[in-house]
Amino acid sequence: MSLLLNSSLTGASSACLLHREKCRRRGRGHVHGVTCRQGGNDDRREAARQQRSRLLLDRRDMLLGGLGGLYGVTAGPKVLAEPIMPPDLSKCHDANAPALDNHCCPPYSGSDTILEYDFPATPLRVRRPAHLVKDDQEYMDKYKEAVRRMKNLPAEHPWNYYQQANIHCQYCNDAYYQQNTDDVPVQVHFSWIFLPWHRYYLHFYERILGKLIDDDTFTIPFWNWDTKDGMTFPAIFQDAASPLYDPKRDQRHVKDGAILDLKYAYTENTASDSEIIRENLCFIRKTFKHSLSLAELFMGDPVRAGEKEIQEANGQLEVIHNAAHMWVGEPGGYKENMGDFSTAARDSVFFCHHSNVDRMWDIYRNLRGNSVEFKDKDWLDSTFLFHDENEQLVKIQDCLDPTKLRYTFEQVPLPWLGNINCQKTAETKSKSTAELSLKRVGEFGTTPKALDASNPLRVIVARPKKNRKKKEKQEKVEVLQIKDIKVTTNETARFDVYVAVPYGDLAGPDYGEFAGSFVRLAHRKKGSDGTEEQGPKKKGKLKLGITALLEDIDAEDADKLVVTLVLRTGSVTVGGVSIKLLQTDTPAVI
Ligand code: C2O
């Protein structure tokens with residue numbers, strides 16, 4: 001189905017198109033959304049706005065095929081198809097972004113011409129590791145020059161560095177509501193749109209940088225934090241005289257070669273460097289291994305247009321990625337810049353970090369034989385709007401293979417995929433039960449429980465089936481689910497999850513094997529009187545694949561497991577812990 005947001009619907013928009021064509025021929029600097037609006041009056045702008053939202057709605061109806069009038073975003077139970085659609089840019093409002101006084105709306109609103117994106121026809125561009133480009137003077141000169149030019153653009157220019165950064169605030173800190181709702185934000189984290197939205201965001205950012213230096217081969221680097229040499233803060237962002245520098249960082253981490261802790265929770269990891277490196281590699285390895293057979297475990301749960309009361313579940317890749325945000329941002333205040341989503345993209349390292357997140361997704365995809373992660377139309381048809389030289393619509397289905405966007409990643413070793421020992425030293429295994437101080441552990445029950453940092457929550461959970469055959473495991477993955485997770489939204493929350501085999505109904509002192517984490521960065525809000533309010537409250541859930549984990553700890557024949565939740569930071573209440581078998585979407589294993 002071709003996307004017919006055609007501009008010939010009104011004279012006004014074709015005039016605008018023509019105008020833009022002229023702008024284009026004249027060269028850079030004439031940006032459609034800005035240029036075309038010059039000289040417009042309010043009526044014309046309002047008419048354009050209305051036409052534009054009609055176009056988006058028409059498009060949604062096209063996607064919904066014959067559904068037409070049946071479709072309703074406010075309908076209670078799931079309707080048939082509801083891909084996420086872009087918001088009406090003219091309806092941007094204050095965000096939950098206290099560090100920016102809640103203001104991150106673009107100076108431009110939607111124009112009357114929205115185009116389908118023409119994918120670039122450039123040579124295949126190769127993104128390289130940040131720690132390796134450091135000595136490539138020619139590349140570094142270009143990169144710095146491009147960012148310098150971006151910073152020097154007029155403040156209201158859509159390509160301006162801070163306008164680009166604000167896009168992240170708009171889509172994370174609730175500056176837009178979804179069309180036809182007045183309280184459901186467009187949110188690009190905590191769900192299956194996290195990876196595709198950020199892929200496009202980086203892509204447009206990278207293309208703009210390339211255009212600013214007239215270099216079609218330009219790529220941003222990736223922070224190769226999945227290898228030993230890449231696990232420190234990339235040196236290319238450290239020079240205070242460079243446009244890539246940002247003073248708002250945790251100086252303890254970004255200066256002296258400190259090792260990034262992928263389980264960071266605002267306390268310093270006191271283990272040796274080599275142990276932190278091993279822990280990080282194991283965390284990445286486990287994340288891939290535990291979630292390879294079911295994409296939502298890695299990428300996040302579905303979200304569909306208009307859905308309000310869902311329990312958001314981010315995938316474990318997003319969880320890993322959050323630690324780097326926390327570790328780079330300032331330790332106090334609003335954790336600027338990287339530690340708060342509203343300001344994160346003001347630090348150039350954001351794009352470098354996300355370039356590696358994007359790479360992790362690409363590796364995941366390759367390991368799964370490049371199978372489509374979600375065949376659900378609501379994912380494939382989810383549509384985003386980016387403002388490059390045009391306002392352009394892009395769909396998730398078009399970004400699954402980065403080479404369609406004409407970029408790829410330099411192939412570097414993947415130490416976490418190789419032969420690495422991630423088993424805990426099983427000292428408790430050799431002890432007899434009499435030597436261990438065993439404690440009785442109960443079931444979760446029905447009342448929600450607040451996690452307590454000094455007293456981890458330990459519960460016994462029954463498994464749906466033990467001793468499953470290989471084939472059964474290929475068809476269904478065993479998933480540990482923690483539901484009704486409530487956090488105090490003005491602080492960052494993190495808890496880690498461990499799984500062990502009980503001794504009857506008793507648990508040993510060892511929490512067992514690390515299974516994964518829940519992380520939610522602070523989502524704060526400044527009230528109109530300047531004091532801080534609670535950000536929006538939403539329940540979340542956490543889903544962790546444990547089929548491979550149970551094999552690793554020889555727990556196949558256990559009826560029940562001891563699950564331990566260790567609060568690392570923030571205030572968290574959880575509503576239940578259970579184990580389910582979910583249909584896999586590929587039989588891939590590593
Ligand atoms: Cu939009 Cu790293 O987050």
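Author: In β12, S517 is the bridge partner of D496. The model is predicted, so local features need pLDDT of at least 70 and side-chain atom pairs count only at pLDDT 80 or more, while totals for chains, interfaces and linings use all residues. Residues are numbered from 1 along each chain as its sequence is written, and side-chain values use heavy atoms, with hydrogens and water left out.

Reader: What is the bridge partner of R494 in β12?

Author: V519 is the partner of R494. Strands β10 (residues 493-500) and β12 pair in the antiparallel sense over seven bridges. Two strands pair if DSSP finds at least two bridges between them. Strands (E, at least two residues) and helices (H or I, at least four) are DSSP runs, numbered from the N terminus.

Reader: Which sheet has β10 and β12 in it, and in what order?

Author: An open sheet of four strands, ordered β8-β16-β10-β12, with antiparallel pairing. β8 (457-462) and β12 are at the edges with a single partner strand each, so one side of each has no neighbour in the sheet. From one strand to the next the twist averages 25°. Angles run from 0 to 180 degrees between N-to-C directions, and axes are lines fitted to C-alpha atoms, for helices over the stretch in contact.

Reader: How many residues of β12 are buried?

Author: Eight of the eight in β12 (residues 513-520) are buried, so the strand is largely enclosed by the rest of the structure. Buried means under 20% relative accessible area, with exposed over 50% and partly exposed in between (1.4 Å probe, protein chains only). Of the 590 residues of the protein, 58% count as buried.

Reader: Changing topic: which residues make the contact between α9 and α12?

Author: The axes of α9 (residues 273-291) and α12 (residues 349-367) come within 11 Å and cross at roughly 45°. From α9, the contact uses I284, F288 and S291; from α12, M360, I363, Y364 and L367. Contact means heavy atoms within 4.5 Å. By class, six of these residues are nonpolar, one is polar and none is charged. Ala, Val, Leu, Ile, Met, Phe, Trp, Tyr, Cys and Pro count as nonpolar, Asp, Glu, Lys and Arg as charged, and the others, Gly among them, as polar.

Reader: And α5 against α6, at what angle do they pack?

Author: About 90°, with the axes of α5 (residues 137-152) and α6 (residues 161-172) 6 Å apart. The two helices are therefore roughly perpendicular to each other, whereas α9 and α12 are oblique. Under 35 degrees counts as roughly parallel, over 145 as roughly antiparallel, 65 to 115 as roughly perpendicular and the rest as oblique. V147, M150 and K151 in α5 meet Y161, Y162 and Q164 in α6. Those residues divide into four nonpolar, one polar and one charged.
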